[in-house]
Amino acid sequence: MGTFGKIINDVLWNLNTSISSFTLHRITGIALVLFLFLHVWTLSAVFQGVEGFEKAVSKFNNPLGHAMEYTLFLAVTFHLLNGLRITLVEFLALAPQQERLLWASLVILGIMGLYGVTLIF
């Protein structure tokens with residue numbers, strides 16, 4: 001089994017809150033980097049004039065585009081809250097409260113996610 005397969009196997013067999021938050025933090029980080037490339041590519045249409053920019057932006061003005069916006073909102077929010085949690089744990093020596101902080105950040109994510117539904121859809 002290759003290195004990537006071993007990592008996936010370890011994550012699946014050692015599933016707990018720490019591994020789950022670690023894995024989701026990495027996945028959202030990679031997804032956000034990929035989004036930045038799409039974002040820059042879409043905004044580069046401004047060099048084609050107003051019509052070219054409007055055409056590029058209008059591609060995302062549909063239900064799939066709104067779902068992608070909402071997914072981006074959730075990914076950014078989770079990544080932000082989990083990053084803040086990691087910072088608190090590391091710099092304020094809150095390792096014993098790590099799991100409690102994770103659940104608190106997930107509750108905040110849920111509240112923001114519900115609010116985000118009303119804004120985007």
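This is a predicted model: local features need pLDDT of at least 70, side-chain atom pairs count only at pLDDT 80 or more; totals for chains, interfaces and linings use all residues.

User: How are α2 and α4 oriented to each other?

Analyst: Helix α2 covers residues 17-43 and helix α4 covers residues 63-91, and their axes come within 9 Å. They cross at roughly 130°. Angles over 145 would count as roughly antiparallel and 65 to 115 as roughly perpendicular, so this pair is oblique.

User: Which hand does the crossing of α2 and α4 have?

Analyst: On the α2 side, the residues that meet α4 include L24, L32 and F35, and their partners in α4 include L72, V76 and I86. By class, that contact has 10 nonpolar, seven polar and one charged residues. As for the hand, the crossing is left-handed.

User: How far apart are the end C-alpha atoms of α2?

Analyst: Helix α2 has 27 residues, and at 1.5 Å a residue they should span 39 Å. The model agrees with that, since the end C-alpha atoms are 38 Å apart.

User: What covers the buried residues of α2?

Analyst: The buried residues in α2 are S21, H25, T28, G29, L32 and T42. What covers them includes α3 (49-58), α4 and α5 (98-120).

User: Is S105 buried or exposed?

Analyst: S105 lies in helix α5. Beyond its neighbours within four places in sequence, S105 is in contact with L81 and R85. Its relative accessibility is 8%, and the cut-off is under 20%, so S105 counts as buried.

Key: Residues are numbered from 1 along each chain as its sequence is written. Side-chain values use heavy atoms; hydrogens and water are left out. Axes are lines fitted to C-alpha atoms, for helices over the stretch in contact, and angles run from 0 to 180 degrees between N-to-C directions. Helices (H or I, at least four residues) and strands (E, at least two) are DSSP runs, numbered from the N terminus. Angles under 35 degrees count as roughly parallel, over 145 as roughly antiparallel, 65 to 115 as roughly perpendicular and the rest as oblique. A crossing is left-handed if the near helix is turned anticlockwise from the far one by less than a right angle, and right-handed if clockwise. Contact means heavy atoms within 4.5 Å. Ala, Val, Leu, Ile, Met, Phe, Trp, Tyr, Cys and Pro count as nonpolar, Asp, Glu, Lys and Arg as charged, and the others, Gly among them, as polar. The expected span of a helix is 1.5 Å times one less than its number of residues. Buried means under 20% relative accessible area, exposed over 50%, partly exposed in between (1.4 Å probe, protein chains only).
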